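Okay, thanks for making time, everyone. Let me get the structure up on the screen, and then I'll talk you through it.

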Amino acid sequence: MAAQQLDPNESKYAASARNFRDNVKRDLGNQELRENFRGAMDYLVDKRKNAFPDGDELETLREQCKLIKQRCLLKLPHLLEQLEENLQANGIHVHWAETITDANDIIAQLIAAKNGKSVVKGKSMVSEETALNDYLEARDIECLESDMGEYIVQLAHQHPSHIIMPAIHQNKKQVADLFADNIDGFAHTTDVDALIGEGRRVLREKFCQADVGITGVNFAVAETGTLCLVENEGNGRMCTTVPDLHIAITGIEKVVEFLDDVPPLLSLLTRSATGQIISTYFNMISHPRQSGEKDGPEEVHLVLLDNGRSQAFADEELRQTLQCIRCGACMNHCPVYTRIGGHAYGTVYPGPIGKIVSPHMLGLEATNNLPTASSMCGACGEVCPVKIPIPKLLQRLRVESVKAKHNGEPVMKGEGSGRKSIEAAIWQVWSIMHKYAFIYKTSMWFATRLRKLMPNKIGVWTSVRTAPKLAPQTLHEKVQARQNQQQYKQLQGGK
Amino acid sequence: MSTLNTQHLRNYPQKPQQVYLYGTCLADSLFPDSGIDAIEFLEQQGVEVIYPQGQTCCGQPAYNSGYQDEAKAVALAQVAQFPLDIPIVIISGSCGGMMRHHYPDLLKGEPGITQFCDRIFEFTEFLVHVLKIKLDDKGEPEKIALHTSCAARREMGVHITGRSLISQLENVELITHDYESECCGFGGTFSVKHGDISGAMVKDKSENLVNADVVRYISADWGCMMNINGALEYQKNSLRGEHIASYLLKRTQHNKKQRGE
């Protein structure tokens, strides 16, 4: 485990997550960025709303899909074995990776065995998690992102700012400038269709030259040994059919038990993500090219990554984190994400889901700022297609973060690392003061009498607001006075 | 909202003769008049109100900060203050959400917790569903906005009741402001721990309320209003939020002078 912590790729995200507060300052101050996010999120929120005209149907589907994912997670170890067995029977090789380094090593070896020099990638957040591009480029393997958003992000030397819309932080003018700087012969335009046409032209050539296609997986069906891939641009199909070697990489939580589990999940996924009734492409990969077939890869491999997922799995409550089908609806609806954007989080997965999944990948020490950076408004939990109680899990992570040292088996890597003795002491005093009403009432009596001495500047609160003003008398006192008055009246009336 | 969101479905009791009022710590020290107004309004509906002097805070600040034991001690002390089997009416959606939906976890295994949580009603929820109140608007025509706290909206599912009460006031026009369902950015300790983000959120919320061009906005949560009113005052804007208890009392009260009192 120590070796994993020293891994340069992991520490890259851990370091940027630790910088959360500085990242937030930087991005909140970037007006163009904020407008890009607000506009895009409003658009996606609207699209989702229109895709679910029937609230009862939505609730029924959410409940159904939650139960599907919970069933699959309860049987996870068994289903993973079944998946491996059925994939192998179909001629697809299966590899297990505990850490991101393991995953990258496996992929590099598979490429080396084929003497591969160039890779085209479909969109895969798990490969972002392992920082695969950096890893392969350091080994002189060209790695080209073929999803339009990912391609833009790669040209700009950035990371995805959204799990579904990787380049959502850029507007069309910024993309046009980026293309002008990077693509020879690009005739400058801000017409979106023309921009996408230009990108596609560049990518089309690369598909034909690439030795290897790498993609993610949305659902891995244990029953049939099938890898399902949801996409809109056809690049996923190109990556999985043109090169001779197809490597798919995904997290262990993506396994579903039955083929019948897929349709409801797919229907919720696309509608929650982009408001589409179904995506433009839906690929089901069940084997490599068979004799007599004209296309398809000669070899297909699946890399199953853990990277902290089994830590979440081990705890009944935290396990719900793994229900996620990566639709991005939680970030689209999050008032924090909408303002700070995706890069401020510093993690691969931003937004509410990023806050609950990243601590398992990077440890709580590096990610302590994430669970607290929520007003607990609940918008994420309200839209989550598989009903992950995100606010509840954030609250739980806050508990794990400030937990006092104990001798038992730790629940999470980095638990207790957010505990500050002064803050703990404040809450202990607060608790005693509010447990015993006489202490509370006496304190409040004094506070309200001394209200003129209250500071009118209280830290960051008063940088955009005035300080709250204590009342001359507490409600406790006012109620008492009112009762006394009523009793007095009754007595007088009785005379 | 879907009717299948079962978390928000509950059986409501008959109109009781007595209720408890939970005033909340914010109203206690900062906005006590709204507590008195709530008591007066409930009494006008023929309900006797008991305000236990031993109540302090629901424990939410410590709970949300991850200090479970500290929150639990305070929560248990609250439960002990409300022994009678009568409704507990809370003039805040977020404290209501804490006591109704988080106490079962926090106080798991403590005797009588389920029954206690079942007795928790947010103020507007109680008026609409238990008292089945009919309001008689006596006020001047005006335009207002409504801010529903996230806890009231998503935990308690009572954003509808505030709206339905306002709709009973025939001289009041309710204006929908932009991003009405979006959080104001308060979030308790969040507003201090992540002041920059919270500040950006309340700036947007106050702007949206100002743009609604209303004379006041109404809310059933002092946490949000302390945040938004503070931002409005900082911006030197005259728009203010008013607690729905005070507003309903004011709108429905007979003019005392006319009655010759």
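Before anything else, a quick word on pairing: two strands count as paired here if DSSP finds at least two bridges between them. Also, keep in mind that this is a predicted model.

So, chain B. With that pairing rule in hand, look at the open sheet of four strands: the order is E6-E5-E7-E8 (chain B), and the pairing is parallel. Which strands stand at the edges? Those are strand E6 (172–174) and strand E8 (241–243) of chain B; each has a single partner strand, so one side of each has no neighbour in the sheet. Going from one strand to the next, the twist averages 40°.

Zoom in on one of those pairs. Strand E7, residues 216–219 of chain B, runs parallel to E8(B), and three bridges join them. If you want a landmark there, B:Ile218 sits opposite B:Glu242 in E8(B). And there's a helix packed on this sheet: H9, residues 159–167 of chain B, which touches strand E5 (142–147), E6 and E7 of chain B. The direction of H9 makes about 170° with that of E5(B).

Now the helix pairs, still in chain B. For anyone new to this, two packed helices are described by the angle between their axes and the distance between the axes.

Pair one is helix H7 (residues 123–130) of chain B with helix H13 (residues 244–252) of chain B. The axes are 10 Å apart, and the packing angle is about 50°. Oblique or roughly perpendicular? Roughly perpendicular needs 65 to 115 degrees, and H7(B) and H13(B) are therefore oblique to each other. On the H7(B) side you've got B:Phe123, B:Thr124 and B:Leu127, and they meet B:Ile244, B:Ala245 and B:Leu248 in H13(B). By class, the residues of that contact are five nonpolar, one polar and no charged.

Pair two is helix H11 (residues 195–211) of chain B with helix H12 (residues 222–234) of chain B. Here the angle is about 75° and the axes are 9 Å apart, and H11(B) and H12(B) are therefore roughly perpendicular to each other. H11(B) brings B:Val202, B:Lys205, B:Ser206, B:Leu209 and B:Val210 to the contact. Facing them from H12(B) are B:Asn227, B:Ile228, B:Ala231 and B:Leu232. The class count for this one is six nonpolar, two polar and one charged.

B:Ala80 lies in the loop between helix H4 (68–79) and strand E3 (88–90) of chain B. Buried or exposed? The relative accessible area of B:Ala80 is 58%, and the cut-off for exposed is over 50%, so B:Ala80 is exposed. And for a sense of distance, the C-alpha atoms of B:Ala80 and B:Val214 are separated by 42 Å, with the two residues 134 apart along the chain.

Chain A has 495 residues, 57% of which count as buried. Take the contacts in chain A between residues at least 6 apart in sequence: 73% of them join residues at least 24 apart. The accessible surface of chain A is about 21400 Å², with 54% belonging to carbon and sulfur atoms.

Have a look at strand E10, residues 299–305 of chain A. Six of its seven residues are buried, so the strand is largely enclosed by the rest of the structure. What does E10(A) pair with? Strand E1 (residues 92–97) of chain A runs parallel to E10(A), joined by six bridges, with A:Ala97 opposite A:Leu305. Strand E7 (residues 245–251) of chain A also pairs with E10(A) in the parallel sense, over seven bridges, and there A:His246 has A:Val300 as its bridge partner.

Last stop: chain A has an open sheet of four strands in the order E8-E5-E6-E9, and the pairing is mixed. Strand E8 (255–256) and strand E9 (281–285) of chain A are the edge strands, each pairing on one side only. Strand E5 (residues 219–221) of chain A pairs with E8(A) in the parallel sense over two bridges, with A:Ala220 opposite A:Val255. Helix H14 (residues 262–274) of chain A lies across E5, strand E6 (226–231), E8 and E9 of chain A, running at about 175° to E5(A).

That's my tour, thanks.

Technical notes
Residues numbered from 1 in each chain as written. Chains lettered and ligands numbered in written order. Predicted model: local features only at pLDDT ≥ 70, side-chain atom pairs only at ≥ 80, totals over all residues. Heavy atoms only, no water. Axes fitted to C-alpha atoms, helices over the stretch in contact; angles between N-to-C directions. Contact = heavy atoms within 4.5 Å. Parallel < 35°, antiparallel > 145°, perpendicular 65-115°, else oblique. Nonpolar A, V, L, I, M, F, W, Y, C, P; charged D, E, K, R; others polar. Buried < 20%, exposed > 50% of the residue type's maximum accessible area, 1.4 Å probe, protein only. Areas by Shrake-Rupley, 256 points an atom, 1.4 Å probe, with all protein chains shown as cover.
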